[in-house]
Amino acid sequence: MKSACNKVLRITSIAAAVAAMLLAGAALSGCKDSKNRTNEDVKLTVTEEGDLVTGKPYKIMADRHLQELRAVHGDLTAVNPVTGENAGENEWFYVLPEEYFTSYELNYDDAGDGDDSGEHNSLKAFTETFHATLEDGKTREVQKTFAVTDPLFPEQWHLYNIGQNPYGVTDPPLKKIDLNVIPAWRIILSEEKKQIDGSGVYAAVWDESIDLNHEDLRDRIYDPGIPGTENLINKGLSLEFLQENPGATHGTSVAGIIAAAAMNRLGGRGAAFNARLTSFAVNVSDDVSMLSAILKTEPLNLVNASIGRDLYTCHVPATWDLYEALFENNIAFIHAQGNQFNEGFDEDYKPYSENNCKSAANADCELKQTDDMARYPFNIHVGSLNSLGLKTENSSSGANLWVTGFGGEFGEDSRWPGVSSAAIVTTLSSYDPGDFEDPDGYSSWRTADNKHYTNMMNGTSSAAPSVAGAAALAYQAKPDMTVSQLRYLLAKTSRNDRAMPSLALTSREGYDDTYGENIVYDYGWQDNAAGFRFSSWYGFGVADAGALVKAALDCDKDPVCSGMAVLPEKFVSANNNPCAYTDDSRRLITCSFSDFKNEEGESLGEAELLADAVTYDVSGLNYLPEGIIAACELAASGEDAEATEHNKERKHAVFKANVLLELIAESAAGTKSLLKPAYANWDYLSGFKVPDKKDDDDEAENTELLAPMDIAASAFYQESLKEDPEKKYRLSIRSPCQIDVNRLNENMHLTVYGRRK
């Protein structure tokens, strides 16, 4: 009777298959036919390296002619499934199936003893069992071990999370909380005969200069060759500068999350590991010059900006125009929302800002719609998720938020007691950490083998490049993708609380002593009239790279997505005096909007517009002396900010009035958006100025305006705009100080960008 060990093994249960894979050579060990089970007779050699994770095929060769070669777990083919290349005699292409990873049956603690310290290598290599049929019909069992080619990839939970905890954090990562990028990497573009990996995509990193000599980044750097930009583009990072500015590794860490190289046996990998990167050095030029240089960079698909201004409210028309030019040229601008949820001020503001946001309502401590970068409505603003599937503790919320990426917390860092869940593993610098202030010096993770990497990168600075990496993969799938299409695909494919229950968030309101009535602190998750689910904590949800790339490939089949190949129209309300007090106490103003006209002065008429972006111009806000707090009288006096004691007191007063100010927008369909929550600090009208040029430049005084002051509302995405006297877009303004309604009406209007239905 033929031995059962010679039968083709077919495992239908993923859990059983993965359990078998982890037995390190024990597959079929219960069989007694040992004379057919030696490894001495057949030798398999890898002649062309592949990759276990992405499914890039390995080419393997037998040292003799075989009738047949079969793999217990993986797939063997005579044709390369990516390139179509035919294998030679006694050659095969080997791929470990995607389900090995996407089942998430792998577990670092395989022994079930609560200790993964001895089992950390389970993701670093896989031993396959082959059945080789010889010319005489006998079968030999051959085992071959394939190594994961990036040694730190198993520690990058944001890319693949099975609960690994090599970082020593108290709260280990929660399985499946990751970018879901492996299904994207597994997609094969048949015409190009390539896998999705970011190839052909170019990203700008607007940040601290990238260390161009880093072993995992130097082959990814692209020089656009723009004359006269040596101190701006690809400037590099010197040890001297790093010693003086230890935080200058920030840009290098951001770059690694996007596009650190893969399959080079170094470090980890980026989400789009074959994309190209160009470094734009922050703080060496004003925003206008920087954006102008970015616009001159060719080719370019996207910009990552893990930077921002905290509280400094300003508007530079030329900057706004340049963001618009990026949008019109199909260059996505992906921006970190910020990390001020628990602290609404920086050193300059500490004497003035109010810090009662936590005690009052556990509300966001700062309004993040500050400068043009934060307010331009087509920029993609990114919040941060930690490894437990929750909003990162400090991740800022906001009505302008679009999507959430993977940022993590502080890791094993003694400087942050009580916060112990994983941060992001990424690139650090090419220098020996002993030569500068090493951020991982606070962590037991640091070893000689990983000295050019960090496991301390966190917050929205990490989350934005994780989304940028996913976007780069989508650009490879659809090279002609517009920014509107990318925003739509992110909104459509991101995971909300229904797909990821850890994101659960309910509406919160409470009694406010100042107003003497209930106020709303957060609306939680809402379904808008167009079927999109939104929250100010997570935007439209957590980015899903696999779903995003698949949707990008199908964009032309989706009538909504394909319709976004053209730029949206812009309609602005033109009705006179849209705002008026609606209560006797003169604390609540309601504005309603109608008579929409486009840039050519044509009325919307009976047409219907589906909103791509919505903004409210609130630049007419101006306090009067009357109100329910003592600060109103001083908050209303003057608009200048000379450094006098009187104006220091006025700044205090303006912050006290602003922190209680509440702005609630409502669409014609009844969806609500908390544009400015009560207890969120805001410096608007306080007199602070941030020059667009150097402080000693005389021209800097007039470079900033506070009008228009457009504030975006993402919650109304794809909802309808039409002239309907019964259903209008509205804005409610609740203020502790009375507001000059006449001045408010001079500037107040609603802008809707969209396409006709």
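This is a predicted model: local features need pLDDT of at least 70, side-chain atom pairs count only at pLDDT 80 or more; totals for chains, interfaces and linings use all residues.

Colleague: Which residues of the largest nonpolar core touch the most other members?
Modeller: Trp206, Tyr616, Val618, Leu731 and Ile733 do, in a core of 187 residues. A nonpolar core here is a set of buried Ala, Val, Leu, Ile, Met, Phe, Trp, Tyr and Cys residues joined through side-chain atoms within 4.5 Å. Buried means under 20% relative accessible area, exposed over 50%, and partly exposed in between, with a 1.4 Å probe and protein chains only.

Colleague: What gives the largest share of this core?
Modeller: Helix 10, residues 460-477, with eleven residues. Helices are DSSP runs of H or I with at least four residues, strands are runs of E with at least two, and both are numbered from the N terminus.

Colleague: How many residues are in the second, separate core?
Modeller: Ten, among them Cys365, Tyr515, Val659 and Leu660.

Colleague: Now helix 6. Which of its residues are buried?
Modeller: In helix 6, residues 287-296, they are Asp287, Met290, Leu291, Ala293 and Ile294. Seen down the helix axis, the buried residues fall within an arc of 160°, so they line one face of helix 6. The arc is taken over the directions from the helix axis to the C-beta atoms.

Colleague: What covers the buried residues of helix 6?
Modeller: The cover includes strand 10 (202-207), strand 11 (276-281), strand 12 (302-305), helix 7 (317-328) and strand 13 (332-336).

Colleague: And what caps the N-terminal end of helix 6?
Modeller: Aspartate 286, with a side-chain oxygen 3.1 Å from the backbone nitrogen of valine 288.

Colleague: Aspartate 287 is charged. What does it form a salt bridge with?
Modeller: Arginine 309, with the closest N and O atoms 2.9 Å apart. A salt bridge is a side-chain nitrogen of Lys or Arg within 4 Å of a carboxyl oxygen of Asp or Glu. The pair links distant parts of the chain, as arginine 309 sits in the loop between strand 12 and helix 7, 22 residues from aspartate 287. Aspartate 287 is buried at 11% relative accessible area, while arginine 309 is partly exposed at 23%.

Colleague: How many salt bridges does the structure hold?
Modeller: It holds 28. One of them joins arginine 375 and aspartate 372 at 3.3 Å, N to O. Both lie in helix 9 (residues 372-375), three residues apart, about one turn of the helix. Arginine 375 has a relative accessible area of 0% and aspartate 372 one of 3%.

Colleague: Which residues join into one network?
Modeller: Asp497, Arg498, Asp527 and Arg533, through salt bridges that share partners. Within it, arginine 533 and aspartate 527 meet at 3.0 Å, N to O.

Colleague: What about arginine 220, where is it?
Modeller: Arginine 220 is in the loop between strand 10 and helix 4 (239-244). The side chain of arginine 220 reaches the backbone oxygen of alanine 275 at 2.8 Å.

Terms used: Residues are numbered from 1 along each chain as its sequence is written. Side-chain values use heavy atoms; hydrogens and water are left out. Contact means heavy atoms within 4.5 Å. A polar contact is a pair of N or O atoms within 3.5 Å; within protein, one must be able to donate a hydrogen and the other to accept it, and residues adjacent in sequence count only if both atoms are side-chain atoms.
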